[in-house]
Amino acid sequence: MVNLLDVLKKEVVPAEGCTEPIAVAYAVSLAAELVQEEITSIQLFLSGNIIKNAMGVGIPGTGQNGLPIAAALGAVIHRSHKKLEILSGLSQAELSKANEIIDRKLLEVELKNTPEKLYIEARVHSESHTATAIIAKEHTHVIFLSKDGIALDLPKDKADCEGSEEMDPEVYAVSLDGIFEFVRTVDFSSLQFLLEGAVMNKAISDEGLRGDYGLQVGKKMLQQSAVNLFGNDVANKVIAATAAASDARMDGSAMPVMTTAGSGNQGIACTLPVIELARLMNKDEETLARALALSNLITVHVKHYIGRLSPLCGSGIAGGVGANSGIIYLMGGSLEQIKHGIQNTIASLSGMICDGAKSTCALKISTATNAAIQAATLAMNNISPTDRDGVIFEEVEDTIRNMERLVQEGLAATDTTILNIMLSKGEVM
């Protein structure tokens, strides 16, 4: 029997910083802990999607961007047990040591020729030892550890995927009908942990609205001025709150976020529209928790087909679809109207590409949130596209599966092209 509560607990977890560079720091830390000597060199062999998503993003507590500082921090911070929160509590002394590694040019990064979209191989060398850690498929899924060429047994907490045992893929292919029934009937007490994530994500949203992070997408949407064409209505408050969280996170805020399906921006995109709308509508905690369960599970469901890392923007498409479903739930919509909303959202966002993690993610998330609100409005009026319209099929599950076909058949070379464009700017890996 499919246990969707287990899915939620596996896929909705906290992280500090963008998950791709933080996963690199985690892998390097695992290897550095095995060496236990002064490091003489670090080699990274990374899939293109990891490089793409780690090149331009701010690293919490450093004021710096990208892979070098993330990897170097992993070498000096021996806190691998914290996994995606490994940078929590970063000290100035640790940052100084990490910058010394960069200054001494001890780090090498290579593109790994692998079919795995998410692949991180960290080799750490000292004068006497060499250790290797490999993460694949999911951000904390350690598949290999070795010291001096001898493979080591994987402790259970390191072999687990995202903090829980690997699940049957069929769990992620569960129907929307099954998800909706679970959300309506599961005991509220089982979902209360989602409210902790709501507090976490709302806090970084508020920080983004206060500070001057990134492109200030959310902050400028709410700022009253002669150059602001946005009003002060519910929709713009929801969009601004969501974008502001991404502004802060992508610019290196040290505040944690509650991730969804391995991505903080996906967590932001699928939860903050629901959190903010529930606040504006004065919804109670149980209604919010059930709406968050729905938005998270539908995001995970869509990501099952798009892929963990993908040429399509997971935050925009999967997060937007999840947010749309949560919004409709808050508005009292039926399962049929939620299906209409998913069709409307995919019709709007299906072509949004992922060109890495960086400040402009806030723009894409704001666009997706706007589309989710628009799609919900249409759905609540029982309006939906038909199977005559592009990638939309009559059955919503078939429409969602079309995203997998789009990725595998239509966008097979897109990631490579995007990465080559990015590297042509002279970016340092």
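Where is the place of aspartate 148? I found aspartate 148 in the loop between strand S8 (142-147) and S9.

**Entry 1: aspartate 148.** I am working from a predicted model. I looked up the backbone of aspartate 148 and read a phi near 55 degrees. That is a positive value in a residue other than glycine. The relative accessible area of aspartate 148 is 39%, so I noted the residue as partly exposed.

**Entry 2: lysine 83.** I turned to another backbone entry. Phi of lysine 83 is near 50 degrees, again positive and again not in a glycine. I placed lysine 83 in the loop between helix H4 (67-76) and helix H5 (92-103). Is lysine 83 buried or exposed? I wrote down buried, because its relative accessibility is 16% and the cut-off for buried is under 20%.

**Entry 3: leucine 154.** I went on to strand S9 (150-151). Leucine 154 lies in the loop between this strand and helix H6 (156-159). Its relative accessibility is 30%, so I logged leucine 154 as partly exposed. I also took a distance. Leucine 154 and aspartate 251 are 97 residues apart along the chain, and their C-alpha atoms are separated by 34 Å.

**Entry 4: alanine 25.** I found alanine 25 in helix H2 (residues 19-35). Its relative accessibility is 0%, so I put alanine 25 down as buried.

**Entry 5: charge on the surface.** I looked for charged patches. One patch of negative charge on the surface gathers Glu336, Asp387, Asp389, Glu394 and Glu395. I followed up glutamate 336, which is found in helix H16 (residues 335-349). Glutamate 336 counts as partly exposed because its relative accessibility is 47%.

**Entry 6: the whole chain.** I finished with the overall figures. The protein chain holds 19 helices and 10 strands. Its C-alpha trace spans about 70 × 55 × 45 Å along the principal axes. Of the 429 residues, 58% count as buried. Why do I call the radius of gyration in agreement with a compact globule? A compact globule of 429 residues would have a radius near 22 Å, and the protein chain has 21 Å, so the two agree.

Technical notes:
Residues are numbered from 1 along each chain as its sequence is written. This is a predicted model: local features need pLDDT of at least 70, side-chain atom pairs count only at pLDDT 80 or more; totals for chains, interfaces and linings use all residues. Side-chain values use heavy atoms; hydrogens and water are left out. Patches are made of residues with over 30% relative accessible area and no salt bridge: like charges are joined within 9 Å, nonpolar side chains (Val, Leu, Ile, Met, Phe, Trp, Tyr) within 5 Å. Accessible areas come from the Shrake-Rupley method with a 1.4 Å probe; for residues, only the protein chains shown count as cover. A salt bridge is a side-chain nitrogen of Lys or Arg within 4 Å of a carboxyl oxygen of Asp or Glu. Lys and Arg count as positive and Asp and Glu as negative; His and the chain ends are not counted. The place of a charge is taken as NZ of Lys, CZ of Arg, CG of Asp or CD of Glu. Helices (H or I, at least four residues) and strands (E, at least two) are DSSP runs, numbered from the N terminus. Buried means under 20% relative accessible area, exposed over 50%, partly exposed in between (1.4 Å probe, protein chains only). The radius of gyration is taken over C-alpha atoms; the globule rule is 2.2 Å times the number of residues to the power 0.38.
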